[in-house]
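Please read them with the sequence and the structure open beside you.

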Amino acid sequence: MRRRAPGLRLLSTAAATCLLAAPTARALELQAELFHQADYTTNTARTESDRIEEWINAPGVSVGARQAGAQLELDAAYQYQRRIYQEDLFDDENVTVGRAELLWHALPNRLDFTLRNSRSESTERALDPLTQANRQIVTTTEAGPTLRFTPRSGDELQIGYLYTDYRADATDTDNIRHNGSLRYILGLSASRSMTFAVDRTRVDFDNELAPDLDDWTGLATLAQDADRLSYSLGGGYTRIARSDGLDDVTGAIVDAMVSWQFQDTTRLAVSAGRRIRDNSQNIVGGIPEFGDEINENTDLNEVFTEDRAGIELARRFGNNQLSLRWNLERQDYEDALRDNDRWLVGVGLGRNLTPRTTLTATLGMGRSEFADEGREFDEVRGALLVAWQFSRRFRLDWGARYEERDGNDPNGNFEEWIGTARLSYALIEPR
């Protein structure tokens with residue numbers, strides 16, 4: 001059953017209310033552009049045989065808003081496009097993606113209101129290739145207040161509530177979440193702090209056959225924010241009680257990140273984490289970068305333990321920016337037979353060719369294993385994009401993408417080249 005998500009309407013109404021309530025904030029910065037994107041694909045259905053080549057035309061519009069003031073902070077970007085398929089293998093479609101966050105300091109240092117919205121296009125089943133037959137829009141809208149108190153100098157006590165509306169465009173996974181949180185931030189120095197947090201989240205699924213969830217999580221985090229070395233090291237425990245007589249899911253959790261700027265031009269970031277969840281944090285990605293995709297199981301109402309690790313090295317030299325990264329994800333489902341392990345290693349290069357022209361190139365290789373379903377495959381992805389701002393309002397982006405998947409199930413194997421060109425016109429230019 002398909003439902004219309006109320007997220008964008010709620011976001012625009014709340015944003016207008018906050019803007020009227022905060023007249024002393026700095027000027028609102030707006031951006032809007034019209035565009036037409038044309039993609040030529042050699043394998044639109046992503047199959048190993050009987051490949052179909054076609055043009056996909058996508059006229060559209062993108063809008064954005066940004067504000068940074070004493071009372072109001074806003075950062076929003078959305079994109080709408082009409083996809084028109086030449087061969088009619090897939091139906092023409094309207095796609096809107098993006099994300100926004102609004103923070104209103106109603107009473108400075110005492111009461112804040114937060115509003116977030118994201119619309120992301122993701123796979124329904126992470127195992128299968130991302131085509132129109134295996135993707136949907138997932139919309140998440142969050143809203144709630146946070147009370148702040150100062151028990152002593154340098155410390156802060158936070159009491160918060162967050163209401164979340166989760167909507168899936170195609171699958172029966174819609175739900176409402178109520179989250180209450182209590183945090184005590186202990187100021188150890190000007191740059192270091194220790195946070196003790198307790199969260200309770202109640203998840204009510206629209207699908208009567210899906211067990212509702214009652215999540216209790218406690219987490220202690222030591223953090224430092226400094227010019228050269230920043231880190232956040234957290235550990236705690238989660239217990240999720242499930243209705244319908246299902247066993248509780250419990251376990252330790254970890255959330256760690258270290259960022260080290262060991263040279264003026266070089267940065268190393270390392271992250272690791274373990275969480276017990278019922279949906280992936282990847283689904284709030286919004287507008288993807290060129291060549292990126294969101295591959296998650298958005299058709300399930302199931303609890304799983306998610307392990308993550310990542311390393312990224314970024315170096316700037318002259319007009320070039322080089323990055324190397326490695327990522328690992330593991331999802332261990334409590335009941336569903338969807339366990340999977342995925343890793344990726346990649347390299348990226350960005351270069352300013354001229355003051356008006358930039359080049360971006362990426363290459364990645366990875367492996368995915370779905371043990372419960374007896375399938376595994378290797379992937380290779382590459383992308384090259386040139387952006388040319390040839391006048392004050394007009395911009396041309398052109399390039400190519402390549403993706404290959406090779407595994408033990410021929411039904412999931414494919415090879416695809418995509419050539420792309422996008423012409424855009426700025427209706428409202430950012431300042």
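1. A definition comes before anything else: a salt bridge is a side-chain nitrogen of Lys or Arg within 4 Å of a carboxyl oxygen of Asp or Glu. By this rule the count comes to 49 salt bridges. In one of them the side chains of E293 and R46 meet, at 2.9 Å from N to O. E293 lies in the loop between β13 (266–277) and β14 (304–317), while R46 lies in the loop between β1 (29–41) and β2 (54–68), so the pair ties together parts that are 247 residues apart in sequence.

2. Residues are numbered from 1 along each chain as its sequence is written, and side-chain values use heavy atoms, with hydrogens and water left out.

3. On confidence, pLDDT is the predictor's own score for each residue, from 0 to 100. The mean pLDDT of the chain is 93, and 94% of its residues reach 70 or more. Over residues 1–25, however, the pLDDT is below 50, although this stretch has 43 contacts in the model beyond near neighbours in sequence (contact means heavy atoms within 4.5 Å). Where pLDDT is low, the predicted coordinates should not be read in detail.

4. As to the overall form, the secondary structure of the chain comes to 1 helix and 20 strands, where helices (H or I, at least four residues) and strands (E, at least two) are DSSP runs numbered from the N terminus. With 431 residues, a compact globule would have a radius of gyration near 22 Å, and the value of 23 Å for the chain agrees with this; the radius is taken over C-alpha atoms, and the globule rule is 2.2 Å times the number of residues to the power 0.38. The C-alpha atoms fill a box of roughly 65 × 55 × 45 Å along the principal axes. Among contacts between residues at least 6 apart in sequence, 56% join residues at least 24 apart.

5. Turning to burial, buried residues make up 42% of the 431 residues in the chain; buried means under 20% relative accessible area, exposed over 50%, and partly exposed in between, with a 1.4 Å probe and protein chains only. The largest nonpolar core has 11 residues, among them L72, Y78, L102, W104 and L115, and the elements that give two or more residues to this core are β3 (72–85), β4 (93–107) and β5 (111–123). A second, separate core of 8 residues includes A210, L213, V249 and V303. Such a core is a set of buried Ala, Val, Leu, Ile, Met, Phe, Trp, Tyr and Cys residues joined through side-chain atoms within 4.5 Å.

6. Salt bridges that share partners join R46, E293, E379, R381, E403, R405 and E416 into one network.

7. T195, in strand β9 (residues 192–205), counts as buried at 16% relative accessibility, and, not counting residues up to four places away in sequence, touches Y184, I185, L219, A220 and T221. N57, in strand β2, is partly exposed, with a relative accessible area of 27%, and, leaving aside neighbours within four places in sequence, is in contact with H36, Q37, A38, R82, R83 and I84.

Methods:
This is a predicted model: local features need pLDDT of at least 70, side-chain atom pairs count only at pLDDT 80 or more; totals for chains, interfaces and linings use all residues.
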